[in-house]
Amino acid sequence: MTDLATTLVPYDEALARYEPVIGLETHVELGTTTKMFCGCRTVFGAEPNSEVCPVCLGLPGSLPVANRAAIEYTIRIGLALNCSIASWCRFARKNYFYPDMPKDFQISQYDEPLCTDGWLDITVGDQPVRIGIERVHLEEDTGKSLHVGGATGRIHGADYSLVDYNRAGIPLVEVVTKPVPGTGALAPEVGRAYVTELRELLRALGVSDVRMEEGSLRCDVNTSIAPAGATEWGTRTETKNVNSLRSVERAIRFEIQRQAGVLDEGGRIVQETRHFHEDTGTTTAGRSKEEAQDYRYFPEPDLVPVAPSPEWVAGLKAALPELPSARRARLQAEWGLTDLDMTQLGNAGALDLVEQTVSAGASAADARKWWLGELARRANEQGVELGDLPVSPAQVARVAELVSSKTLNDKLARQVLDLVIAGEGEPDEIVSARGLAVVSDDGALTTVVDDVIAASPDIVAKIRDGKTAAAGALVGAVMKATRGQADAARARELILERIAAS
Ligand SMILES: [Zn+2]
């Protein structure tokens, strides 16, 4: 049965009849200065094949030496994920042929990973989920192939291929979860939330720049389904290199719907790797794993075993930074925000921005209001991340301060932020250059109020009859006449005073 013959089952229907189980394998390029087994630099985007040497090119006679910083980073990741750290373990040689792998084997870890058996707690909606961590191991990255001349960028149809070994030998950590059953319809969101939390954790540890778009964080997503109530799990597929958080969610969702279609039609799921297509949100079959590959693993003979001392591990554990979940709990308490507020801040990627805005002097409520309201809307309109808007937390804090000191009202503040984003300078410069401050001195305001009263005898009559709510229309007219710069509360007071006195 080909992929194309399969009908996708609507998601809700699939979940009514099948139970999904997911698992995630995440590769993280470590941010060490040099590569895993040589002194070459680990810079992104350098001239192809400029960051290479005999060791990472696998030339005869060269010998690898393990990078202590990479081992330290891996232990710190393991500790932050509540893993046990091996007191003795070895690297293994994984033999396979691939053009972007210069040695034709990869130094990895096999049955003796550095870190095992941990967990990471996440929250999806208001439901806590504990994701078991099977292992965290250390290996070296491969190079990169570039297929030129074809329509798809894949080798099929290409005129020729180029290979860049700069990435070959960069330390790569693989974090493998245990299977995650029992999350039902939430499975795609659980997958996304896990990768999001893992990325935050790695960022807090400072061990990687965790840029999914540059490939320093890459995800393979395992998905299987089994009929509801079945005692055994289904056959899983492995969707490779899912390179954004949104894609993690989409890939799991698609696989659930596709696999349900195959099973409904009496087919069987083939254990295989699949490719995710960002443009269509679909997956297609890659390599079949029906016949297990034989990598002929054996302990790497050119490297000594890794035996971290208990003192070293204890020292690293004591020096772990505040982790994201603890930081969120602390900030929530300091700011007096609800769980929902915090979830919204997290989802919008606004936590750091709000924290910096509060540090710059704004109240948490103001910082939250501006970033999640007006600025989130601007970012959305421009199709950029919130943090990429050309406005700084300090500028947002200053605008909030101008509002609390009544120099600006909300409407003017929005204009000022727009002009900051447009590159007109600092909030104070914009306020004075554009004359945007609120008019609240009674002299100027009284003239406008008197004009408005004179122009609206009907409304004035209603107010005299005790219908003071009608004053709203006059306040609106004052705001209009001052192009929004009047202090609305003071204008209302003046309107009522002037009418009562006349
Ligand atoms: Zn090298």
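Predicted model: local features only at pLDDT ≥ 70, side-chain atom pairs only at ≥ 80, totals over all residues.
**A zinc site and a helix pair**

Now, what coordinates the zinc ion? The ion is held by the SG atoms of four cysteines, namely Cys38, Cys40, Cys53 and Cys56, at 2.3 to 2.4 Å. If you look for these donor residues along the sequence, you will find them spaced as C-x1-C-x12-C-x2-C. Within that pattern, Cys40 and Cys53 are 13 residues apart and link distant parts of the chain, although both sit in the loop between β1 (18-29) and α2 (68-80).

Why is the arrangement around the zinc ion called tetrahedral? It is because the angles subtended by the four donor atoms run from 100 to 117°, and all of them would have to lie between 85 and 135 degrees. For comparison, the ideal angle for four tetrahedral donors is 109.5 degrees.

Let me move on to two helices, α9, which covers residues 364-382, and α11, which covers residues 410-421, whose axes come within 12 Å and cross at roughly 45°. The two helices are therefore oblique to each other, and their crossing is right-handed. On the α9 side, the residues that meet α11 are Lys369, Trp370, Glu374, Leu375, Arg378 and Gln382, while their counterparts in α11 are Asp410, Ala413, Arg414, Leu417, Asp418 and Ile421.

Terms used. Residues numbered from 1 in each chain as written. Heavy atoms only, no water. Donors = N, O, S within 2.8 Å, 3.2 Å for Na, K, Ca; no water. Tetrahedral: all angles 85-135°; square planar, octahedral: opposite > 155°, others 65-115°. Helix = DSSP H or I, 4+ residues; strand = E, 2+ residues; numbered from the N terminus. Axes fitted to C-alpha atoms, helices over the stretch in contact; angles between N-to-C directions. Parallel < 35°, antiparallel > 145°, perpendicular 65-115°, else oblique. Left-handed = near helix turned anticlockwise from the far one by under 90°. Contact = heavy atoms within 4.5 Å.
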